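Hi there,

Here is the structure I promised to pass on.

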Amino acid sequence: MKTMTLFKSAVGGLALSLAAPVTAVAEDSIYVPLFTYRTGPFAGSGTPIADGMHDYLAMLNERDGGIGGVKLVVDECETGYDTKKGLECYDAVKPKNPVIVNPWSTGITLSLIPKASVDKIPILSMAYGLSASARGDVFPWVFNPPATYWDGLSEILKYVGGGSIDALKGKTVGYLYFDAGYGREPIPMFQTLAKEVGFTLKLYPVAPANMQNQSAQWLDIRRDNPDFLVMYGWGAMNPTAIKEAAKAEFPMDKLVSIWWPNDADAASAGDGAKGFKMLNWHGTGANYPALADIQKLVIDKGKSQTPRGEVGEVLYNRGVYNSVLIAEAIAQAQKITGKKVVTGEDVRRGLENLNLDAARFKELGLDGFAGSFKTTCADHNSHSATFVQQWDGAKWTKASDLIGPDTARVEPLLDEAAKAYAEKNAGWPARSEPCDNK
Amino acid sequence: MDLLRAIFIDPFAQMIGSPDLLAQTIWEGFVGGVLYALIALGFVLIFKASGVFNFAQGIMMVFAALTLVGLHEKGVPAWVALILTIAVMYALAVGIERLVLRPLVNQPDIILFMATFGITYFLIGLGELVFGGNPKSMITKELFLPGGSIDLHIPGGRVQLQKLDIAAAAVALIMVAGLALFFQKTRIGRALRAVADDHQAALSVGISLNQIWVIVWFTAGVVALATGIFWGARSDVSFALQVVALKALPVLILGGLTSVPGAIVGGLIIGIGEKLGEFYWGPLLGGGIESWLAYIIALAFLLFRPQGLFGEKIIERI
C-alpha cells in the first residue's frame with residue numbers, strides 16, 4: 001500500500017513538474033542566455049566563441065559578484081547553427097525574461113529581428129547579421145557593433161586597393177563565400193561597388209554541403225585568376241578553403257578573409273597557410289589581466305569547458321569581446337535606469353549608450369584590447385576601423401594599420417537597405433522607443 | 001542565340017583552348033569520384049547482405065576517422081591507433097548486429113532503415129561525447145601518407161596531381177580489388193553472396209546470417225575508415241564530413257544499390273560529371289550547381305535504365 005502511494009506520488013510529482021510552466025529566473029539576478037553551437041559542422045567556429053562568451057560572464061560572477069552586485073544567470077542553448085533550432089532556443093528562453101539574445105547566426109538573427117520589438121528583447125548580433133540593422137531609427141531593438149559586413153567588405157577592398165577602392169578599377173576581384181544568409185549578405189554591396197568602381201566581380205559560392213569539398217570552386221579560381229580574393233567563410237569551410245588555396249598555390253597575400261577564421265583553421269593547413277590574411281579588430285593572445293582572471297577564477301577552478309591553450313585564440317577572444325558588450329550594456333542600463341535588476345527594455349537603452357574608450361578597456365583589464373567605439377540611438381554599430389592580421393605559421397601578426405570603412409559609399413547603401421527592409425515588411429513599426437543620447 | 005552559344009559552343013571551345021584545365025578538372029572529378037565510390041561501396045555492401053539502406057554510412061566514416069585521430073591525440077601511436085580503430089569498427093559491427101539487426105529481424109525494411117537513423121544519432125552523440133565537436137587534423141604524416149604534388153606538363157600548361165589524391169585512388173583500387181577477390185574466392189565471400197541472393201535459401205544450407213551481418217558491417221566500417229582518412233586529409237575531420245556522404249546517393253541511384261562495380265563506375269561518372277558541369281556550365285547559372293547536378297545526372301541515367309547501370313532488373317508480376 002505504502003509502495004503504491006509512493007509510486008502515485010512520484011508519478012504525480014513528475015506529471016506536475018512536466019506540466020508546470022517555465023518560470024522566470026530569480027528576481028535578484030539577470031538572465032543572459034547564450035545561443036551557442038558546440039556540436040555539428042560549425043562546432044569548430046562555435047566552440048571557442050561559446051567558451052569565450054561563457055568564461056567572461058562567469059568570471060564577472062566570480063570576481064565581482066555579477067554586474068552592479070547582481071549575479072548573472074548564464075544559460076547556453078545549443079543551436080547547431082541551425083535557424084530552426086535557434087528559434088526553438090528563443091522560444092525556450094523567452095519565458096525566463098532574458099535581457100538580451102545573441103543569435104550567433106545571420107540566419108537566426110534575420111528570423112528574430114521582427115520578434116525583438118514585440119517581445120522587448122534586444123538582439124546583439126556582434127559584427128554579423130543584417131548590415132542595415134545598424135540604423136537605430138529603423139531597428140531600435142537590433143545592435144551589430146563594432147562593424148557591419150558591408151563595412152568589413154569596404155575595408156578589405158580598401159586594403160587590397162592600397163587605401164582606395166577606386167584603385168581596383170579594371171581588376172578582377174573574386175568572392176569565395178558560404179552560400180547562406182551570412183555569405184550572401186555583402187553581395188548587393190559588392191555588386192554595386194563593382195559597377196560603380198569598374199572592377200569585375202567573380203562569385204564562388206560554397207554550398208553548406210560542400211564546405212569540405214571545394215575543388216570545383218578552386219578550379220574556377222584558377223581559371224579566372226582573380227587579382228584578389230575575398231573570403232566570407234564559416235565552420236568547416238574556412239580550414240578547407242585555406243588548404244585548397246595552399247594546394248592551388250594561390251598567392252596568400254592576395255587572399256583576405258572577413259573576421260571569422262580561427263587559429264586552428266590556419267594551423268590545419270600547415271606551412272601552406274603562411275601569409276594568410278584576415279580582418280580583426282581586437283587583440284589575440286592571453287596577455288590581458290581580464291583573461292588572467294578568467295584563467296584563475298574560472299578555468300583553473302573547473303568552472304568552464306575551455307581546453308588549455310584556447311584562451312587567446314582569435315575566436316575565443318571574440319567571444320570575450322561579445323560578453324564585454326553584454327556586460328557593458330547591462331552596466332549602462334543600470335546606470336540609466338537606477339535599477340539593479342534590469343529588463344530587456346532597459347538593456348536596449350544600455351546598448352544604445354555603449355561607450356568603450358581606451359580608459360574603459362583599461363579599467364576592464366583589457367588595456368589595448370580593441371579600439372574605442374560608441375553607439376547612439378541612430379547608429380547601433382559605430383562602423384569601427386579594423387586591421388589586417390597575417391598568419392606566420394604559428395601566430396597572428398599585424399599586417400596593417402587601422403582601416404576605416406568607406407563611409408561615403410557604405411552609409412547611403414545602408415540607409416537605402418534599411419528603408420527597403422521597412423517598406424518590404426508591411427506594418428514595420430515606426431520608432432517609438434525612448435532615446436537617452438539625443 | 002547567345003545562350004545557345006554559351007551552352008553548346010563556348011564550353012567546348014574552352015576545353016580545346018585550355019587542355020590543362022580540362023585535364024585538371026577531370027583529375028579533380030576522378031579523385032572526388034573515387035571517394036564517392038568508396039562511400040557508396042559501404043552502402044552497397046550492407047544493402048546486399050542485409051537489405052538495409054544504411055543511412056549511418058556517412059557518420060560511420062566520420063566516427064572512424066575521429067576515433068583514429070582522437071586516439072592519437074590521447075597519446076596512442078599512429079599505427080596502434082589505426083589497429084585500435086579497426087577493432088572499434090569491429091566492436092561496432094558486433095554491437096549493431098546484436099542490438100539493432102537481430103531484434104529487428106523479419107521487420108519491414110522501413111523499420112531497419114529508421115533504425116540506421118538511430119545509429120546515426122547515437123554515433124554523433126558518442127563521437128562528440130568522447131572526442132568533442134571540434135574539427136581535428138588528420139594524422140597524414142604519422143600514417144606515412146604522401147604530401148606535396150606532382151606537376152605534369154602538357155600542351156597549354158600543367159596539371160597538378162596531389163600525391164595524397166594519387167594515394168587515395170591507389171588505396172581505393174586495392175580495396176575494391178581485395179573486396180572482389182574476397183567475395184569471389186573465399187568461403188565467407190561465397191556465403192555473403194548467397195545471403196545477398198536469398199536469405200532463406202542461405203539459412204537452409206547452414207549459413208549464419210548473424211555472422212555474415214557482422215562481417216559485412218565490419219567491412220563497411222573499414223571502408224568508411226579508409227574514406228575518412230583520405231577525406232579528412234583533404235580538409236579536416238569534422239562532423240560536416242557526414243554531409244559529403246550524401247553525395248553517395250546519386251552514385252547509388254546511378255550504379256544500383258546492389259552492384260559493387262556500379263558503385264565504382266557510378267562514383268566516377270558523378271565525380272567527373274559534376275566537376276565538368278560546375279566548371280564549364282556552372283557560370284551560366286551563377287555557380288554552385290554541383291550540389292544538385294549530381295542528382296540530375298543520376299536521374300537522366302534513370303530515364304534509360306531505371307534499375308541503375310549495373311543494378312538487377314526487378315520484374316514483379318501482378
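Tyr81(A) sits in the loop between strand E2 (71-78) and helix H3 (83-93) of chain A. Helices here are DSSP runs of H or I with at least four residues, strands are runs of E with at least two, and both are numbered from the N terminus. Although Tyr81(A) is not a glycine, its phi is positive, about 60°. Most residues other than glycine have a negative phi, and most peptide bonds are trans. Is Tyr81(A) buried or exposed? Tyr81(A) is buried, because 28 other C-beta atoms lie within 10 Å. A residue is called buried if 20 or more other C-beta atoms lie within 10 Å of its own, exposed if 12 or fewer, and partly exposed in between, with C-beta atoms placed from the backbone.

Before I go on, a word on how to read this. This is a predicted model, in which local features need pLDDT of at least 70, side-chain atom pairs count only at pLDDT 80 or more, and totals for chains, interfaces and linings use all residues. Residues are numbered from 1 along each chain as its sequence is written, while chains are lettered from A and ligands numbered from 1 in the order in which they are written.

On confidence, chain A has an average pLDDT (the predictor's confidence in each residue, from 0 to 100) of 93, and 94% of its residues score at least 70. Residues 1-23 of chain A stay under 50, and the model has 3 contacts beyond four places in sequence for them. Two residues are in contact if their C-beta atoms, placed from the backbone, lie within 7 Å. Where pLDDT is low, the predicted coordinates should not be read in detail.

Back to backbone details. His383(A) is also not a glycine, and its phi is positive at about 45°. His383(A) belongs to the loop between strand E11 (373-374) and strand E12 (387-391) of chain A, and it counts as buried because it has 21 C-beta neighbours inside 10 Å. There is a cis peptide bond too, from Pro145(A) to Pro146(A), with omega near 0°. Pro146(A) is in the loop between strand E4 (142-143) and helix H5 (149-160) of chain A.

Next, the sheet in chain A. Seen in order, E6-E5-E7-E8-E9-E12-E13 make an open sheet of 7 strands with mixed pairing; two strands pair if DSSP finds at least two bridges between them. E6 and strand E13 (396-398) are at the edges with a single partner strand each, so one side of each has no neighbour in the sheet. Strand E8 (255-257) runs parallel to strand E9 (277-280), with 2 bridges, and Ser257(A) has Met278(A) as its bridge partner in E9(A). On its other pairing, E9(A) is antiparallel to E12(A) over 4 bridges, where Lys277(A) is partnered by Gln390(A). Which way do the residues of E9(A) point? Lys277(A) and Leu279(A) point one way, Met278(A) and Asn280(A) the other, and all are buried.

Now for where the chains meet. The contact uses 29 residues from chain A and 28 residues from chain B. On the chain A side, helix H2 (43-64), strand E6 (200-206), H8 and helix H9 (237-247) each give two or more residues, and H8(A) has the largest share with 5 residues. That side has 12 nonpolar, 11 polar and 6 charged residues. For these classes, Ala, Val, Leu, Ile, Met, Phe, Trp, Tyr, Cys and Pro count as nonpolar, Asp, Glu, Lys and Arg as charged, and the others, Gly among them, as polar.

Why is helix H8 (residues 215-224) of chain A described as largely enclosed by the rest of the structure? Because 7 of its 10 residues are buried, including Trp218(A) and Leu219(A).

Finally, chain B. Phe131(B) is in helix H6 (residues 109-131) of that chain, and it counts as partly exposed because it has 18 C-beta neighbours inside 10 Å. Leaving aside residues up to four places away in sequence, Phe131(B) touches Leu66(B) and Gly70(B). In another part of chain B, Ile39(B), Gly42(B) and Phe43(B) of H3(B) meet Gln57(B), Met60(B) and Met61(B) of H4(B). By class, that contact has 4 nonpolar, 2 polar and no charged residues.

Best wishes
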